[in-house]
Amino acid sequence: MNSPYLRDPDVQLMLRAKAGDEGAFTDLVAAYQDRIVGIFCHLLGNQEAAEDLAQEVFLRIYRSRDKYEPKAKFSTWLFRIANNLASNSRRNKGRRREVALNPQDSGPLGMRPEEQLLMEKSGMMPSRQIGLKETQAVVRQALETLNERQQMAVLLHKFEGMSYADIGAAMKLSEAAVKSLLSRARENLRVQLEKHING
């Protein structure tokens, strides 16, 4: 096997899992579980649904371990599966009503994107925290105006710190398309937030 991704330690863990090393798979779950739950929680606004989807991601990985070939970084492959499951879940969401989380609850990754954006804008000055709850709701509403692909790209970029190339690989987009997607997302957020600021 001569894959450029063999240097990725997580690829090595997955190859060990493929060879029957259950501990290696457990290490992968431990490394990514909270991150995946956090992303799903931001996308779906429901902790329980996020945990269920994260479990499905790892089940799919485990079931396909025998056929695994390192054709990308492990994280790219994992987030591609997560992106596909999130898309499917959103399509099905219209068929059932989900319970939204309290806007004050942060995900397992800490701050949600809207909270992070808010902190960047406000500098978290005590005097500006007075309207924090109201502003969080406004930012959340702004994020919800983004389409599903824009939200996923923003989460992977902001939370996972993934490069445009890795986001592109995870979402099956070119690097240029990712840049364009994130640019449109930022512009959409700016427009939505300015409506509130100029209100």
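This is a predicted model: local features need pLDDT of at least 70, side-chain atom pairs count only at pLDDT 80 or more; totals for chains, interfaces and linings use all residues.

Reader: Okay, what makes Lys-172 exposed or buried?

Author: Lys-172 has a relative accessible area of 63%. You'll find Lys-172 in the loop between α8 and α9. Its phi is near 55°, a positive value in a residue other than glycine.

Reader: Asn-46 sits in a loop too, between α2 and α3. Why does Asn-46 count as buried?

Author: Because its relative accessibility is 11%, and buried means under 20%. The side chain of Asn-46 also has a polar atom 2.7 Å from the backbone nitrogen of Ala-49.

Reader: What makes that pair a polar contact?

Author: The cut-off for N or O atoms is within 3.5 Å, and the pair is 2.7 Å apart.

Reader: And Trp-77, buried or exposed?

Author: Trp-77 comes in at 18% relative accessible area. With the limit at under 20%, Trp-77 is therefore buried. Trp-77 belongs to helix α4. Not counting residues up to four places away in sequence, Trp-77 touches Met-14, Ile-61, Ser-64 and Tyr-68. There's also Ala-169, 92 residues away from Trp-77 in sequence, with the two C-alpha atoms 8.0 Å apart in space.

Reader: What makes a group of residues a nonpolar core?

Author: The members have to be buried residues from a nonpolar set, Ala, Leu and Phe among them, joined through side-chain atoms within 4.5 Å. The largest such core here has 54 residues, and those touching the most other members are Ile-36, Phe-40, Val-57, Ile-61, Phe-74, Leu-78 and Leu-156. Two or more residues come from each of α1, α2, α3, α4, α6, α7, α8 and α9. The top contributor is α2, with 12 residues. As a general point, nonpolar side chains tend to be buried together in soluble globular proteins.

Reader: What does Phe-40 touch, leaving aside neighbours within four places in sequence?

Author: Phe-40 is in contact with Gly-45, Ala-50, Leu-53, Ala-54, Val-57, Ala-82, Leu-85 and Ala-86.

Reader: Now α7 and α9. How do you know whether they're roughly parallel or roughly perpendicular?

Author: Their packing angle is about 100°, and the axes are 9 Å apart. Roughly perpendicular covers 65 to 115 degrees, so α7 and α9 are roughly perpendicular to each other. Where they meet, Arg-149, Gln-150, Ala-153, Val-154 and His-157 of α7 face Leu-181, Leu-182, Arg-184, Ala-185 and Asn-188 of α9. That contact has five nonpolar, three polar and two charged residues.

Reader: Which residues of α7 are buried?

Author: Gln-150, Gln-151, Met-152, Ala-153, Val-154, Leu-155 and Leu-156.

Reader: Last one: what makes Asn-147 a cap for α7?

Author: A side-chain oxygen of Asn-147 lies 3.1 Å from the backbone nitrogen of Arg-149, at the N-terminal end of α7.

Note on methods
Residues are numbered from 1 along each chain as its sequence is written. Side-chain values use heavy atoms; hydrogens and water are left out. Buried means under 20% relative accessible area, exposed over 50%, partly exposed in between (1.4 Å probe, protein chains only). Helices (H or I, at least four residues) and strands (E, at least two) are DSSP runs, numbered from the N terminus. Contact means heavy atoms within 4.5 Å. Axes are lines fitted to C-alpha atoms, for helices over the stretch in contact, and angles run from 0 to 180 degrees between N-to-C directions. Angles under 35 degrees count as roughly parallel, over 145 as roughly antiparallel, 65 to 115 as roughly perpendicular and the rest as oblique. Ala, Val, Leu, Ile, Met, Phe, Trp, Tyr, Cys and Pro count as nonpolar, Asp, Glu, Lys and Arg as charged, and the others, Gly among them, as polar. A polar contact is a pair of N or O atoms within 3.5 Å; within protein, one must be able to donate a hydrogen and the other to accept it, and residues adjacent in sequence count only if both atoms are side-chain atoms.
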